[in-house]
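Please look over the sequence and the 3D structure below before reading on. The report then goes through selected places in the chain.

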Amino acid sequence: MRIDCITLFPELIQAAASAGIVGRAHERALVQTQTWNPRDYAVGNYRRVDDRTAGGGAGMVMMLEPLRQCLQAVKVEAAEVTSHVVYFSPQGKPLTQARVRELAAMPHLVLICGRYEGVDERFIANAVDEEISLGDFVLSGGELPAAVLIDAVTRVQEGAMSDMDSARLDSFEDGLLDHPHFTKPNSDEWGDIPAVLLGGNHAQIAQWRRQQQLQRTFERRPDLLKSAPLSPADRQFLDRLRAQTDKNK
Ligand code: SAM
C-alpha cells in the first residue's frame, strides 16, 4: 500500500516508519510512505502556512491554500490509485483495530497532520474523507497520530511479521483482550508460570487462554463483551464470573 503524509514535521514520520517491523516492511516495499511539506506549496518570502484565527482571539490556523496545493500534488503523483484522505483530530472518531484492518486494506492513504488550532475548516469539509482521533486528549500535532496509524496498518500487512498469526491473536482482533503471556524462567521470586502452560496439553492451554481473555475483558473492558462473538461455553464462564463478583460485593 501507499501512504502519503502531509506534515510540517516530516522527520517525525520518517523516524516512525524506519524502525522495527514497520521499518522492515518499508524496506521490503510492503508499504511505501512518503512525506510532503505544505510549506513547499506556500507563497511569499516567508512561505507562511498559518494565519490568525478568523474572528480574533488566541491561536493560529493552518491555511487552506498550501494544504490544497500540497494535496493536489499528492493526487497527481498517485493518480492511478483511489485515495482515502484522513485528518487527525481530537474531534474525530476514535481509532479501533477493526478500522485499522479496513484502512490497511486500502491501496492509498493520505494523512493530514494538523498543527496550531488545526486546519481551516473548509479544507476538512471539502478534501477530507474521515477524521480520526487517538483519544480524548489534545496533542500538539497530528504527526504522532499519523505515526501510530502507519505502524498499525503496516504491521497487519501480509508478510510484515514472520508469524502473522501473532497479529491475528492480539487484543481486539476477536473482540476480546489478549491473554497474559510468559516466557522463561519457569520459576522466579516474582512468581511461577501457570502449570497448565507447561503441561503440553494443547486443549487445556487453549481453554485456559480463552478463559483468561474473557476474564481480562470482563475486568478491564466490559464494554467489549457486548459485541464480542461468544460461544455458549464463553457465556457460561462469564455467568460464573459475574456470580462470583456479585458474591464478593
Ligand atoms: N483546536 C483543536 C481542538 O480543540 O479540537 C486541537 C488542535 S491540536 C492543538 C493540533 C493538531 O493536533 C490537530 O489539528 C490534530 O491534527 C492533532 N491532534 C491533537 N490531538 C489529537 C487527537 N487526540 N487525535 C488525533 N489528532 C490530534
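What follows describes a predicted model, starting with a pair of helices and going on to individual residues.

## Two helices that meet

Two packed helices are described by the angle between their axes and the distance between the axes. Here the pair is helix α2, residues 20–27, and helix α6, residues 143–155. Their axes come within 9 Å and cross at roughly 70°. Angles from 65 to 115 degrees count as roughly perpendicular, so α2 is roughly perpendicular to α6. The crossing in which α2 passes α6 is left-handed.

On the α2 side, the residues in contact are I21, V22, A25 and H26. On the α6 side they are I150, D151, T154 and R155. Sorted by class, this contact has four nonpolar, two polar and two charged residues.

S18 sits in the loop between α1 (10–16) and α2. Its side chain reaches back to the backbone oxygen of Q14, at 3.3 Å. S18 can also be placed relative to L149, which is 131 residues away along the chain. The C-alpha atoms of S18 and L149 are separated by 14 Å.

Most residues other than glycine have a negative phi, and most peptide bonds are trans. The places below depart from one or the other of these patterns.

A29 is not a glycine, yet it has a positive phi of about 60°. This residue belongs to the loop between α2 and β2 (32–36). The relative accessible area of A29 is 45%. Y116 is found in the loop between β6 (108–112) and α5 (121–127). With a relative accessible area of 40%, Y116 is also partly exposed.

The peptide bond between K184 and P185 is cis, with omega at about 5°. P185 lies in the loop between α7 (164–168) and β8 (187–188).

Is D234 buried or exposed? Its relative accessibility is 6%, and buried means under 20%, so D234 counts as buried. D234 is placed in helix α9, which spans residues 232–248.

The side chain of D234 reaches the backbone nitrogen of S231 at 2.9 Å. Leaving out residues up to four places away in sequence, D234 touches R210, L214 and P229.

H84 is located in strand β5, residues 83–94. At 13% relative accessibility, H84 counts as buried, because that value falls under the 20% limit.

Which residues does H84 touch, not counting those up to four places away in sequence? They are R99, L103, M106, H108, L109, V110, D129 and E130.

## A glutamate in α4

E102 lies in helix α4, residues 97–104. Its relative accessibility is 44%, so E102 counts as partly exposed. E102 and V153 are 51 residues apart along the chain, and their C-alpha atoms are separated by 8.9 Å.

Key
Residues numbered from 1 in each chain as written. Predicted model: local features only at pLDDT ≥ 70, side-chain atom pairs only at ≥ 80, totals over all residues. Heavy atoms only, no water. Helix = DSSP H or I, 4+ residues; strand = E, 2+ residues; numbered from the N terminus. Buried < 20%, exposed > 50% of the residue type's maximum accessible area, 1.4 Å probe, protein only. Polar contact = N/O pair within 3.5 Å; in protein donor to acceptor, adjacent residues only side chain to side chain. Contact = heavy atoms within 4.5 Å. Axes fitted to C-alpha atoms, helices over the stretch in contact; angles between N-to-C directions. Parallel < 35°, antiparallel > 145°, perpendicular 65-115°, else oblique. Left-handed = near helix turned anticlockwise from the far one by under 90°. Nonpolar A, V, L, I, M, F, W, Y, C, P; charged D, E, K, R; others polar.
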